[in-house]
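I opened the notebook to record what I looked up in this structure. The entries follow the order of my checks.

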Amino acid sequence: MMEQKDGAWTIQETSDKYDNPYINVREDQVVQPYGQSGRYATVEMKPGVAILPLDNNGIVYLIQQFRHPLGKESIEVVCGAIERDESPVEAALRELLEAQGIQAEEWIELGVVDVDTSIVNCPAHLFLAKQLTFTKTKRAGTETIKTVKVPLNVAGQMVMDSAITHSISCVLILKAINALQKKHENND
């Protein structure tokens, strides 16, 4: 590989340290902006989606499941990877149906969030799903998921109290609250 510039950094060599269909760990030999040589690791994952379903009564449908890396249960919004040749909204539709058996008529895009900009490349597209209908889930056999139903303002307080710590979930819940407050203020 020829040296290449990456902002103020120079990448001298790149090698894959781990690779599977969902995650790639790459190590770069670099020259940092002030001339020091070093190594830099980057974790690349498939871009993803995160979905917060909200019913007509102001109730959101979260999931609770055991997360092996944390060694404990975690309350989160529905998240998943965007598959090849799939748009973010198509992935969101699929993931919400699979995980919670929910279909939505209205999809509000709330932007994109980067999980950890210092080491991880995995943008997540955020969606608020409304006008819900319920059907059977299509969960993978490895998923043991419980649905947690709470009012949106309670979910926001759970974020503030660190009862919800999953970063993408925190951002999506707070963005949803903000978007709905702005919409309410504009309608007054």
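The entries below go from the whole chain to its sheet, its helices and a few backbone angles.

**Entry 1: the whole chain.** I note at the start that this is a predicted model. I counted secondary structure and got three helices and twelve strands. I looked up the extent along the principal axes: the C-alpha atoms fill a box of roughly 55 × 45 × 35 Å. The chain has 188 residues, and 38% of them count as buried. I also checked the contacts between residues at least 6 apart in sequence; 54% of these join residues at least 24 apart.

**Entry 2: surface and charge.** The chain exposes about 11,300 Å², and I find that carbon and sulfur atoms supply 50% of that area. For charges I have 18 positive and 26 negative, and their mean positions lie 5 Å apart.

**Entry 3: the open sheet.** I traced a sheet of five strands in the order β1-β2-β3-β4-β10; it is open and its pairing is mixed. Which strands stand at the edges? They are β1 (4-6) and β10 (120-121); each has a single partner strand, so one side of each has no neighbour in the sheet.

I then went through the pairs. β1 and β2 (residues 9-19) are antiparallel, with three bridges. In that pair I find Q4 bridged to I11 of β2. The two strands make a hairpin with two residues between them, and G7 in the turn has a positive phi of about 65°.

β2 and β3 are also antiparallel, joined by eight bridges. Here E13 has Q29 in β3 as its bridge partner. This pair is a hairpin too, with three residues between the strands.

For β3 (residues 23-31) and β4 (residues 37-45), I count nine bridges, in the antiparallel sense. E27 is the residue I looked up in this pair, and it stands opposite A41 in β4.

**Entry 4: helix α1.** I compared its length with the expected one. α1 has 13 residues and reaches 18 Å from first C-alpha to last, close to the 18 Å expected at 1.5 Å a residue. Its buried residues are A91, A92, E95, L96, L97, A99 and Q100. I note that E95 and Q100 are in that buried set. What covers the buried residues of α1? The cover includes β5 (48-53), β6 (59-67), β8, β9 (102-114), β11 (123-134) and β12 (146-151). After α1 comes G101, with a positive phi near 65°.

**Entry 5: helix α3.** I ran the length check again here. The 21 residues of α3 (residues 167-187) should span 30 Å at 1.5 Å a residue, and the end C-alpha atoms are 30 Å apart, which agrees. In α3 I list I168, S169, C170, L172, I173, A176 and I177 as buried.

**Entry 6: positive phi outside glycine.** I looked up two residues. D85 is not a glycine, yet its phi is positive, near 65°. I place D85 in the loop between β8 (78-81) and α1 (88-100). Is D85 buried or exposed? Its relative accessibility is 78%, and over 50% counts as exposed, so D85 is exposed.

S162 also has a positive phi, about 65°, without being a glycine. I find S162 in the loop between α2 (152-160) and α3.

Terms used:
Residues numbered from 1 in each chain as written. Predicted model: local features only at pLDDT ≥ 70, side-chain atom pairs only at ≥ 80, totals over all residues. Heavy atoms only, no water. Helix = DSSP H or I, 4+ residues; strand = E, 2+ residues; numbered from the N terminus. Buried < 20%, exposed > 50% of the residue type's maximum accessible area, 1.4 Å probe, protein only. Contact = heavy atoms within 4.5 Å. Areas by Shrake-Rupley, 256 points an atom, 1.4 Å probe, with all protein chains shown as cover. Lys, Arg positive; Asp, Glu negative; His and termini not counted. Charge placed at Lys NZ, Arg CZ, Asp CG, Glu CD. Expected span 1.5 Å × (residues − 1). Pairing = 2+ DSSP bridges.
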